Structure formats: structure tokens, C-alpha cells
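Visitor: Could you take me through one part of this model in detail? I would like to follow a single stretch and what surrounds it.

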Amino acid sequence: MTYEPLGHGADAVETLTFGRLRELNDGGTQRADFHVLAVVDAGHGSVTVDFAAHPLRQRTVVWVPPGAVHRWDDIADVTGHVVLFVTTAPVTRATREFVASPDRAAQWRVPDADWPFVDAARNHLLLEVSAAPGDPSLELREILLSALIARLRPPQGQEVAVNPTFRRFRSSVETNFREHHDAGYYARTLGYAPRTLSRAVQHATGRTAKAFIVERIVLEAKRLLAHDRLTAASCAARLGFPDASNFSVFFKQATGMRPGAWQATVSGT
């Protein structure tokens with residue numbers, strides 16, 4: 001899905017209720033080029049984000065980043081709001097950096113002490129979205145979105161936040177993983193000795209640099225297989241493998257299943 005605001009084309013922030021989401025939801029997977037931020041007031045349900053299920057209950061928050069495959073599994077009695085926004089919408093440096101970072105939980109519960117502030121920030125944004133269109137209202141939406149994000153205090157890995165070597169590596173992998181699968185490439189292009197890079201990645205994630213790259217490729221492969229319904233041959237072409245056979249061997253080594261067999265397990269999701 002591409003970002004197409006319901007109102008005015010320049011809007012970088014849109015909101016909808018869970019009631020409206022139920023009307024739009026077809027039960028299938030979605031993959032958007034914008035952020036989906038949901039704040040649950042009450043009810044019980046679940047959402048699947050990149051093949052991991054997360055419960056929805058009172059005062060929980062769900063954050064789905066651009067590119068992630070997600071599915072609203074059970075939202076029949078869930079109440080609350082969903083905020084849709086593009087990556088550049090936040091206006092403060094801290095919130096822009098946070099939104100751009102992949103190091104963020106998909107779901108968490110807002111502590112009781114923080115809820116009044118979150119609720120007030122959310123309601124102020126909703127009120128502004130309902131205002132008559134005009135240039136000031138667009139800017140205010142972005143300001144109030146930033147306030148809401150700051151109040152939500154999404155969990156973030158502290159070790160990653162203070163590890164510049166890993167941050168550079170992760171950013172480079174995100175840009176180049178479709179073409180470059182070798183940890184040595186990233187060490188060379190970033191100017192680190194392979195051992196230095198490996199230590200930094202291990203310290204930040206508990207995994208080797210190679211394992212981190214493999215995990216990112218597998219995630220994208222699963223997204224393409226589950227949502228785009230691509231064949232192994234098409235995935236191989238998208239992800240820089242010489243042929244379908246090579247990709248299938250890689251995928252089975254990483255997941256224990258051939259691409260087609262794994263795809264069958266998520267058929268219809």
C-alpha cells in the first residue's frame with residue numbers, strides 16, 4: 001500500500017478509528033510504505049507483524065514500520081485509534097531519528113502513570129485532524145504527532161543506541177542486503193577490520209555479522225513469499241541469488257523448510 005491520505009494530498013498524518021479499520025480490513029496481509037501506529041483503548045484482539053503475533057488489549061500500542069508485513073487477526077471488539085504517517089512527518093530531531101530507526105518494539109503496553117499524557121496527546125492530534133483544512137493545520141498535525149511519539153516512549157535497545165559501529169553496519173545492510181550477502185563486504189566498505197565489526201555486532205545483538213545479514217535476507221524473503229506470493233525464482237532474482245536452486249538451499253538452511261513449503265504454511269494469511 002502506498003500513502004494516499006483520505007483528505008488532502010499534502011497531509012503527512014492521517015487517523016482512523018478501529019471501527020473504520022474493521023470496515024477497510026479484508027483479513028489479508030498488508031504491506032505499506034508508511035508507518036502504522038495503533039493505540040488501543042479497550043477490547044481484546046491480535047495483530048501479526050512480520051510473522052510474530054502480538055496481543056491487543058487495553059492501553060497497548062502497536063507500531064508497524066514501512067515494509068513490514070502485518071495482518072489484523074482479531075479486532076472485532078477493539079476500540080482505539082490508528083495513526084498513519086510518512087517517515088518524514090515528525091518534526092523534532094529526536095522523533096525523526098527514532099522513527100527512522102528499525103530498533104523498536106512492535107508492541108508494548110503504556111504504563112498507567114503515562115496513560116493520561118498519551119491520551120491527551122492522542123486526543124489533541126485527533127482534534128487537529130478534524131479541523132477545517134488549512135496550511136497551519138498540516139504543520140500542527142506533524143507537531144502533535146511528534147508529541148504523541150515522545151509521550152508513547154516506545155521501548156528501544158539501549159545497547160544499539162550507543163553502538164555507532166553497529167548502527168553504521170545495520171544501515172548499510174538495510175541498503176545493500178539484496179546485492180551483498182557477505183559480511184566481508186560491509187567490513188571493507190565501512191572501513192572496519194572484520195573482527196572489529198563482528199565484535200560490535202555480537203555485542204549489540206548477540207549474533208554474528210553473518211547471522212544478522214542472513215536474518216535480514218530471510219525476513220525479506222518471507223515478506224515476498226507471504227504477501228507478494230512470489231515464486232522461489234522471483235525471490236532469488238529480487239534478493240541477489242544466482243538462481244532459484246541457490247535461494248532454496250539458503251532458505252532451507254535458515255528456516256528448515258523449502259520456500260514453497262514455507263509459503264504453503266502461510267497461505268491465505
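Guide: Let's start with Arg229, which sits in the loop between helix 9 and helix 10 (232–238); helices here are DSSP runs of H or I with at least four residues, strands are runs of E with at least two, and both are numbered from the N terminus. This is a predicted model, in which local features need pLDDT of at least 70 and side-chain atom pairs count only at pLDDT 80 or more, while totals for chains, interfaces and linings use all residues. Residues are numbered from 1 along each chain as its sequence is written, and side-chain values use heavy atoms, with hydrogens and water left out.

Arg229 has a phi near 60°, a positive value in a residue other than glycine. Most residues other than glycine have a negative phi. Arg229 counts as partly exposed because its relative accessibility is 39% (buried is under 20% relative accessible area, exposed over 50%, partly exposed in between, with a 1.4 Å probe and protein chains only).

Another loop comes in here, the one between helix 1 (18–24) and strand 2 (30–31), where Thr29 is found. The side chain of Thr29 makes a polar contact with the side chain of His227 at 2.7 Å (a pair of N or O atoms within 3.5 Å; within protein, one must be able to donate a hydrogen and the other to accept it, and residues adjacent in sequence count only if both atoms are side-chain atoms). Thr29 counts as buried because its relative accessible area is 18%.
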